[in-house]
Each structure stands twice: as structure tokens, then as C-alpha cells.
Amino acid sequence: MTAERVATVDRAAAVDVVSPRALVVCVGNPLVGDDAVGCAVHEALASRPPAPGVQLEFVAVGGLRLLDLLDAQPLLVVVDAVELGAPAGTVHVLPWEALPPPVTATTSHGVGLRETMEVGAALQPERMPGRAYLVGVEGRSFDALGAPMSPEVAAAVQGAAEEVARLLR
């Protein structure tokens with residue numbers, strides 16, 4: 001295993017803990033149209049054999065909730081639906097520093113991903129990942145409760161999962 005080993009001491013005894021080398025966080029609401037893509041990508045990734053040293057998480061509401069999961073992992077990959085102006089179903093792979101300004105990169109979860117990382121860097125710099133990427137799937141329907149994903153977004157799920165797998169290699 002390539003994960004870093006960290007010794008943690010509590011009052012009872014020393015415990016050897018394996019720190020994940022990568023954290024993958026899929027964000028989305030499975031009940032709201034194209035916002036469900038994060039849930040669908042999570043399911044696609046969870047159905048594969050687990051990659052050594054990779055922690056896979058799903059959160060229905062992103063934003064600042066993401067900060068609770070950070071623990072100085074060498075790599076962070078966030079999967080979410082985005083509105084960046086491309087056709088629905090387009091899969092974007094962006095390093096964190098290349099995210100567009102918050103006006104266009106704010107997700108349906110309130111606080112945008114870029115702002116979340118800026119808050120984390122200011123408040124808990126020691127918990128921030130070494131590298132971070134967004135795998136964003138361009139959506140078009142974010143306000144219809146109970147609506148399914150659009151066909152273009154549903155067709156992009158496996159491609160987004162492949163992009164996550166590529167980043168983890």
C-alpha cells in the first residue's frame with residue numbers, strides 16, 4: 001500500500017492509522033435533476049474494486065461540509081454538477097487553481113467550491129490537500145425536485161468516473 005502511515009496516540013494506547021493518499025468526494029442531491037450526478041458517479045466508483053489508499057465519500061450538500069473531510073490528503077478529487085457554460089454532459093477536469101471566479105463556479109450548494117477551499121486555506125491550512133481537482137459534469141436542470149437527470153448528464157456518469165480513476169493513478 002502506498003498510503004502514508006501515521007502514529008496516533010490516545011490515552012489508552014498507541015494506534016497505527018493508515019492515512020488515505022487520496023480523498024474523493026462526490027457531491028449532489030439525488031432528488032434534484034442534474035444535481036444527482038455526484039450521487040451517480042459515487043455509485044459507479046463504489047461498484048468497482050476499491051483502490052488502495054483511496055477514501056470515497058458522498059455528501060448531499062457540499063460547500064463548507066467538504067472541510068470536515070479534509071485531513072492533509074496528498075490528493076483531493078471533488079465530483080459535482082456544474083454550470084460553466086458548456087453543453088450539458090460535458091465533463092470538466094480542472095485543477096483547483098483553474099476554477100473560474102465564484103460567480104460562475106458556485107454550485108447549487110450555496111458556497112462555491114473555490115470559496116470553500118479559500119476558507120479552508122485561511123482557517124486550517126494544515127488540513128488542506130496537496131493537490132485538488134474538480135471533476136465537474138455540466139448540467140442544465142437544477143431546480144426540479146423529483147426530476148431525473150437529463151439524458152446528456154446521465155450519459156456522462158461513466159466518463160466522469162473514468163476521469164476520477166485517471167486522476168487516482
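Mentor: From the N terminus on, the elements run β-β-β-α-β-β-β-α-α-β-α-α, where helices (H or I, at least four residues) and strands (E, at least two) are DSSP runs, numbered from the N terminus. This is a predicted model, in which local features need pLDDT of at least 70 and side-chain atom pairs count only at pLDDT 80 or more, while totals for chains, interfaces and linings use all residues. Residues are numbered from 1 along each chain as its sequence is written, and side-chain values use heavy atoms, with hydrogens and water left out.

Trainee: How many helices and strands does the protein have, and what percentage of its residues count as buried?

Mentor: There are five helices and seven strands. A residue is called buried when its relative accessible area is under 20%, exposed when it is over 50%, and partly exposed in between, using a 1.4 Å probe and protein chains only; by that rule 44% of the 169 residues are buried.

Trainee: Is helix α1 mostly covered or uncovered, and what covers its buried residues?

Mentor: Helix α1, residues 37-46, is mostly covered, with eight of its ten residues buried, among them Val 37, Val 41 and Leu 45. In general, an α-helix has 3.6 residues a turn, so residues three or four places apart point the same way. The cover over the buried residues of α1 includes the strands β3, β4, β5 and β7 as well as the helices α4 and α5.

Trainee: Which residues touch the most other members of the largest nonpolar core?

Mentor: A nonpolar core is a set of buried Ala, Val, Leu, Ile, Met, Phe, Trp, Tyr and Cys residues joined through side-chain atoms within 4.5 Å. The largest one has 24 residues, and those touching the most other members are Val 24, Val 37, Val 41, Leu 45, Val 77, Val 135 and Val 164. Its largest share, six residues, comes from α5.

Trainee: At what angle do α1 and α5 pack?

Mentor: Two packed helices are described by the angle between their axes and the distance between the axes. Here α1 and α5 pack at about 60°, with their axes 9 Å apart; axes are lines fitted to C-alpha atoms, for helices over the stretch in contact, and angles run from 0 to 180 degrees between N-to-C directions. Contact means heavy atoms within 4.5 Å, and the residues of α1 that meet α5 include Ala 40 and Ala 44, whereas those on the α5 side include Gln 158 and Ala 161.
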